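I opened the notebook to look up charged pairs and nonpolar cores. The entries follow in the order in which I looked.

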Amino acid sequence: MRSEEQEFLAGYDMTKYERPSVAADVVVFAILPDGERSSIRRIQRKKLKVLLIKRGGFPYKGCWAIPGGFCNKGEDVIDSARRELFEETGIENAYVNLVGVYGKPGRDPRGWIISSTYMALMNGENCDLKAGDDARDARWFTVDLRDISDEGSNADGTKFRESILNESDKGDRYRLTLSDSKAGIKLTALLRRTDMSACGLSSDSYDIEECDGLAFDHAKIITEAVLGLRRAVKLDPEVAFGLISDSFTLTELQKVYEQVLSRGLTAPNFRRKIADYVEETDGLREGEGFRPAKLFRHKKMK
């Protein structure tokens, strides 16, 4: 470092500008069983789920939130996210990718708090869920994100025609429902998308119009994470392997893609498109009440 730079830094006043608190939050996705198996001869139904923590203190006491916390001094933000993830799930080496940075004034009633939010994908059956010191409970919630239109709406705008998100994922309004059927918990939010391309921005804005049971702006964050996951899987099929165990049947793998993309896939087309990404093992899936099925593993392309 040059002497002029050392002199500048020695006299620099860190209090010259207001500084925010920085948090690292994580949207944790997994594919997990949903409900009881209807028949021993049927593959158990699994759904895309997100991990939520019930807040034990103010603000938003009793509401549900994505895992996260404040960054420690001298800690890289992504390391903070990985630390929070390990503390909540016991998982160290999950797929982690940035969702976005959230710093809108008023997003946190405690003050100016900027969240760097990440998406984590994991085999949820290997998790050891633990609620942290400031939480009362930790649960997996089934994700249902739908594009809704106001065609045929009532005067108060409460009736909408619903449809599963289409290929473009570019609807104007979305309904997010997160549910835990066993516990009888349902969290809902209504969001509106704004196309920001006219402002020179590459990403759209999702504004919360209604929200029931979710803390802070986490309905917005979860919505953007779900849409981001769908886009990521379409661009890079290997991303979805973060949601499945090391060995799997092709049917199990297809179910993962169907849950992420929120639409059905035909088996022959799926297997043709995924063929370059998997390789057969010597193992078989047995003891499930149906014919043994060949096990495969991820053949990494990079």
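Entry 1. I looked up Glu280 and Lys294 and found that their side chains meet in a salt bridge, at 3.6 Å from N to O. I count a salt bridge when a side-chain nitrogen of Lys or Arg is within 4 Å of a carboxyl oxygen of Asp or Glu. Glu280 lies in strand β12 (residues 278-285) and Lys294 in strand β13 (residues 293-298), so the pair ties together parts that are 14 residues apart in sequence. Strands (E, at least two residues) and helices (H or I, at least four) are DSSP runs, numbered from the N terminus. Glu280 is partly exposed at 45% relative accessible area, and Lys294 is partly exposed at 47%. For these words I use under 20% relative accessible area for buried, over 50% for exposed, and partly exposed in between, with a 1.4 Å probe and protein chains only.

Entry 2. I noted the ground rules. The model is predicted, so local features need pLDDT of at least 70 and side-chain atom pairs count only at pLDDT 80 or more, while totals for chains, interfaces and linings use all residues. Residues are numbered from 1 along each chain as its sequence is written, and side-chain values use heavy atoms, with hydrogens and water left out.

Entry 3. How many salt bridges does the count come to? I get 19.

Entry 4. I turned to Arg45, which forms a salt bridge with Asp34, the closest N and O atoms being 3.6 Å apart. Both residues are in the loop between β1 (21-33) and β2 (46-55), 11 residues apart.

Entry 5. I found a salt bridge between Glu87 and Arg83, with 3.6 Å between the closest N and O atoms. The two are four residues apart in helix α2 (residues 77-89), which means about one helical turn separates them. Glu87 is partly exposed at 39%, and Arg83 is partly exposed at 21%. Both also belong to a network of salt bridges that links them with Glu75 and Glu84.

Entry 6. I moved to the nonpolar cores, meaning sets of buried Ala, Val, Leu, Ile, Met, Phe, Trp, Tyr and Cys residues joined through side-chain atoms within 4.5 Å. The largest has 47 residues, and Phe29, Leu52, Leu176 and Leu178 touch the most other members. Helix α3 (residues 218-235) gives the most to this core, with eight residues. Another core, of 19 residues, lies apart from it and includes Ala24, Val28, Leu51 and Ala94.
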